[in-house]
Amino acid sequence: MSSTSPVKPEHLPQHIAVIMDGNGRWAKKQGKIRIFGHQHGVRAVREIAEGCAELGIKYLTLYAFSTENWNRPKFEVNALMGLLVKTIRQETETLQKNSIRLEAIGDRSHLPQDCQRELDEAIEATRSNDRMTLILALSYSSKWDILNAVRSIAHEVKLGKLEPEAIDEDLISSFLTTRDYPNPELMIRTSGEQRISNFLLWELAYSEFYFTDVLWPDFRKEHLIEALKEYQNRERRFGKTSEQITK
Ligand code: IPE
Ligand code: IPE
Ligand code: MG
């Protein structure tokens with residue numbers, strides 16, 4: 001498809017998931033410390049959230065901090081948590097203006113108190129917004145989510161509330177923190193890395209993956225549009241043959 005052709009509004013994903021990667025390298029390229037890259041990543045978050053809402057995307061999940069990211073140097077972790085508090089406070093207005101509802105997935109109990117408070121307040125303040133839901137994956141990893149789901153299911157079985165035979169895909173999905181959202185049809189990762197880094201392992205089972213070399217702080221609406229055009233060119237077969245899909 002040519003780069004000038006428009007995105008087809010009738011064939012948009014309902015849910016886009018993004019691994020926002022490359023902040024550190026973006027900063028390093030300019031001889032700055034990694035935090036500088038994280039600070040500049042905020043603009044991309046705003047642009048993409050607004051862009052998705054304008055296009056009519058209903059759910060946007062942003063991978064902001066993984067369980068594994070706790071292993072980064074303390075200085076960087078603290079700076080990221082500080083930036084998170086500041087960003088949530090500053091951007092609540094953008095969320096309200098665009099009628100975006102904020103939600104979060106991940107182990108929130110691990111986040112610093114002020115971060116939890118700021119997040120809870122923004123979630124509460126935006127709960128009746130209905131244009132789009134923005135889901136922040138914070139202190140999140142998919143194995144953490146699946147592990148907790150397995151544990152809860154095992155408890156239900158032990159208590160006699162659930163028969164092992166009743167465990168099916170829908171039941172497992174209903175025990176994940178993503179239970180209220182449709183599976184993402186499209187997953188975007190910036191910065192040239194081609195892996196999923198413990199993100200939505202169950203939910204991305206049949207998603208289309210789009211990888212771009214653009215570093216997250218440089219990611220803009222036009223890059224989002226490129227990803228969507230590529231998505232619209234893909235044939236999602238779900239195990240069937242091409243002939244079955246197109247007839
Ligand atoms: C993504 O950018 C942001 C977070 C993981 C919090 P990185 O910090 O991973 O940047 P690179 O990959 O080192 O360039
Ligand atoms: C994944 O990025 C997590 C987030 C974007 C928040 P990383 O940059 O931490 O991933 P790896 O460790 O390089 O795979
Ligand atoms: Mg990275």
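1. A polar contact, as used here, is a pair of N or O atoms within 3.5 Å. Please keep in mind that this is a predicted model. With that cut-off, an oxygen atom of ligand 1 reaches a polar backbone atom of N23 at 3.2 Å.

2. Two further contacts of ligand 1 are worth a look.

3. Now for the surroundings of ligand 1. Its shell includes M20, D21, R34, H38 and L80. Helix α1 (23–29) and helix α2 (34–55) each give two or more residues, with α1 giving the most, three residues. By class, there are three nonpolar, five polar and four charged residues.

4. On to ligand 2, where side chains make these contacts. A polar atom of D21 lies 3.1 Å from a ligand oxygen, R195 has an N or O atom 2.7 Å from one, and S197 has an N or O atom at 2.6 Å.

5. Strand β2 (residues 59–66) supplies the largest share of the shell around ligand 2, four residues. By class, that shell holds five nonpolar, three polar and four charged residues.

6. Which pocket holds the ligands? Ligand 1 takes up space in the largest pocket, and ligand 2 sits in the largest pocket. Among the residues around ligand 1 are N69 and R72, and N69 and R72 are also among those around ligand 2.

Definitions and conventions
Residues are numbered from 1 along each chain as its sequence is written. Chains are lettered from A and ligands numbered from 1 in the order in which they are written. This is a predicted model: local features need pLDDT of at least 70, side-chain atom pairs count only at pLDDT 80 or more; totals for chains, interfaces and linings use all residues. Side-chain values use heavy atoms; hydrogens and water are left out. A residue is near a molecule or strand if one of its heavy atoms lies within 4 Å of it. A polar contact is a pair of N or O atoms within 3.5 Å; within protein, one must be able to donate a hydrogen and the other to accept it, and residues adjacent in sequence count only if both atoms are side-chain atoms. On a 1 Å grid over the protein atoms alone, a cavity is a set of points where a 1.4 Å probe fits but cannot get out, and a pocket is an open set with protein on both sides within 12 Å along at least five of seven lines; lining residues have an atom within 4 Å of a point. A molecule sits in a cavity or pocket if more than half of its atoms lie within 2 Å of its grid points. Ala, Val, Leu, Ile, Met, Phe, Trp, Tyr, Cys and Pro count as nonpolar, Asp, Glu, Lys and Arg as charged, and the others, Gly among them, as polar.
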